[in-house]
Amino acid sequence: MLSIKNLHASVEDKEILKGINLEVKAGEVHAIMGPNGAGKSTLSSIIAGNENYEVNEGEIFLDGEEISELAPEERAHKGVFLSFQYPVEIPGVSVTNFIKTAINESRKAKGLEDMPANEMLKKIREKSELLEMDKKFLSRSLNEGFSGGEKKRNEIFQMAMLEPKIAILDETDSGLDIDALRIVANGVNKLKSQDNAVVVITHYQRLLDYIVPDFVHVLMDGKIVKSGDASLALELEEKGYDWIKAELV
Amino acid sequence: MDLKDKLLSSYIAFEEKFDMDSHLHDVRNQAIKNFETKGFPTKKEEAWKYTSLNAILKHDFSVFPKHENAIEFAAVKKYFLHEIDTYKLVFIDGKFSSFLSSTTHEGIDVCLLSSVLTKPKYKPVLETYFNQIAQKNESLTSLNTAFAQEGAFINIPKSKVADKPIEIINFSTGTEAALMVQPRNLIIVGENAHVQIIERHQSLNSNPVLTNSVTEIFAQKRANVDYYKIQNDVQTANLIDNTYIAQKQESRVAVHTFSFGGNMTRNNLNFYHQGERIDSTLKGITIIGDKQHVDHFTLVHHAQPNCESHQNYKGIFGDSATGVFNGKIYVEKEAQKTDAFQQNNNILISEKATINAKPQLEIFADDVKCSHGCTIGQLDESAMFYMQQRGIPKKEARALLMYAFSNEVIESIKIPELKQRITKIIATKLGVKMGFDL
């Protein structure tokens, strides 16, 4: 589904990714872990098409199609979703209106009519219940005055609405208390199917207790230096990253 | 002959129609003398440093339209807030259109300034209010005073609430090759009285128009006034709006100015406090492009203790558009415990667009709370990326962001249909159709 080959990228002439290779197949959950500054968020931004980063070398394929030259919205229309670490506040635009706009823009790009209002409402109700969101929450301005947990829950709500092929969750666990973490993880698990895939980017192992990965990759200094199964995450939790560094020398 | 000379010689013919011994004639004479001395403002004056009238004044404006013009309602319906019932005062090329208007004398007066200027029964109103708060030394205001003939006269007596909003609309038909109009409005809102007013200037074709408008508003004790100005005129329209507001104790006046069009727009908005515990609000949204120019020149004169003023102006400038915000807050020595707040945020969406922003605080009292903030920036790139990531294309994402940026001001519009209308104009202005009513 998602295939990254020898990806090198930089921001303002500083090379951050130094040759990333990653294969994510439909139905899989991958976790990318690593210390601060390793390039985790850069990787997710680049997959989603953030124009502040320059891809110097390498390719990104989505279902066989090279997407690294596409605009962020075009990638979104093809099924790439990024849950932001810091979602942006948009005063005056409600959660409902924002997601309506997002869904209908995506449909427009595919040559479809707007989603009928009753269908939209039904879907909003269904997905907001999945994430245990209050009705009042839906009419609030997007992310304005939201707590950290509410912001993340809203990100996963949007993911549920947009039904992406590949969802990248960037530090979705940061700023969440244990209840919010459980709700968010539960939501992700329910949305998971054999037709989509999830990449969880995290600093800590905590979230992986709830969203169990098939593969764990360690990203250090712009490269994936080690891959393994879920047990690798536990080992990292216990021993930190230094032993991997030592192994590399 | 330049426009100034033309106006001065027109005045001589104009004044012959009036009673030379009247109070009004004296007022006009003084006014024209002041205009004659000062002339049109130039960029040499500090208050006009960033706005030039030179190119505009080169047009050969007719000062008095030769024809009476009529318009079909259907042709101009869209300029009215037609979703709701309103009182209407409609002027076509400076002349009252009874056909398009809906006036009243029942309980409140929604009628014409010409009556106040000419009918003996209004003599006390004329002498007490007309030209009393307008600045007599300001040349463009003087010019209007000298020629003032028509406009809105609104009088809401003590404890009355206007049962529906009042629309004041000035159309120009373009029958003249170039037209100068000088509407004059007088609005008196009595003790405890309440009124909502919407004012609009609209050209119906592309012949140049210069509007030099003066509005005087008197808000008595505990009066409550909401005034909305919609400035979304065609590219060849020029507007100088001089608004003077006198507030008595505990009154509340809010003026919202929405500037989305026209070639040149200058808003001189002046608040004068004449009592304690007054609340003044000045808000505006400016969204312009091309070579449009909008200049907000505000003054809040705090003269009494315990009063508040709130200013919030948002500006979005594209193409080669230019904006000016000059906000003056004057706090006299007596005006202790003043709470004056001023905010002006601007976004430049093109490299050629400019904004000149100048807060001016003159404070002579020692126990006051005055703050001002001014920002000039570009659209937030991380917010753009966020929206694009959700599948919203650049153009729509930009529009949503600009809407969000203006939202604080939009939210304080008290007439829901007007709020909808403004958001629609913004969406049109930004060239997007949203999947929902913004």
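The buried residues of helix H1 of chain A are Lys40(A), Thr42(A), Leu43(A), Ser44(A), Ser45(A), Ile46(A), Ile47(A) and Ala48(A), where buried means that 20 or more other C-beta atoms, placed from the backbone, lie within 10 Å of a residue's own, while exposed means 12 or fewer and partly exposed is in between. The structure is a predicted model, in which local features need pLDDT of at least 70 and side-chain atom pairs count only at pLDDT 80 or more, whereas totals for chains, interfaces and linings use all residues. Residues are numbered from 1 along each chain as its sequence is written, and chains are lettered from A, with ligands numbered from 1, in the order in which they are written.

**Helix H1 of chain A**
- Because eight of the nine residues of H1(A), residues 40-48, are buried, this helix is largely enclosed by the rest of the structure.
- Helices (H or I, at least four residues) and strands (E, at least two) are DSSP runs, numbered from the N terminus.
- Just after H1(A), Gly49(A) takes a positive phi of about 100°.

**Chain B as a whole**
- The secondary structure of chain B comprises 10 helices and 20 strands.
- Chain B has a radius of gyration of 21 Å, close to the 22 Å that the globule rule gives for 438 residues, so it is as compact as a globular protein of that length; the radius is taken over C-alpha atoms, and the rule is 2.2 Å times the number of residues to the power 0.38.
- The C-alpha trace of chain B spans about 70 × 55 × 45 Å along its principal axes, and 50% of its 438 residues count as buried.
- Among contacts in chain B between residues at least 6 apart in sequence, 81% join residues at least 24 apart, a contact being a pair whose C-beta atoms, placed from the backbone, lie within 7 Å.

**Domains and record entries**
- Chain B is divided into domain 1 (3-275) and domain 2 (379-438), with bounds that come from an automatic or database domain assignment.
- The centres of these two domains of chain B, taken over C-alpha atoms, are separated by 32 Å, and their contact takes 12 residues from domain 1 and 10 residues from domain 2.
- UniProt, in an unreviewed entry, lists residues 22-168 of chain B as "domain: SUF system FeS cluster assembly SufBD N-terminal", and annotations of this kind may be inferred rather than shown by experiment.
- Residues 22-168 of chain B are 31% helix and 14% strand, whereas residues 177-405 of chain B are 9% helix and 59% strand.
- For residues 177-405 of chain B, UniProt gives the feature "domain: SUF system FeS cluster assembly SufBD core", again from an unreviewed entry.

**Contact between the chains**
- The contact takes 24 residues from chain A and 20 residues from chain B.
- On the side of chain B that touches chain A, helix H8 (381-389) and helix H9 (394-410) of chain B each supply at least two residues.

**Nonpolar cores**
- In the largest nonpolar core, which has 160 residues, Ile168(A), Val189(B) and Leu400(B) touch the most other members; such a core is a set of buried Ala, Val, Leu, Ile, Met, Phe, Trp, Tyr and Cys residues joined through C-beta atoms within 7 Å.
- The largest share of this core, nine residues, comes from H9(B).
- Both domain 1 (3-275) and domain 2 (379-438) of chain B give residues to this core, so it lies between them.
- Leaving aside residues up to four places away in sequence, Leu400(B) touches Ile90(A), Val93(A), Met387(B) and Ile392(B).
- A second, separate core of 22 residues includes Ile32(B), Ala148(B), Leu179(B) and Met264(B).

Note on methods:
Contact = placed C-beta atoms within 7 Å.
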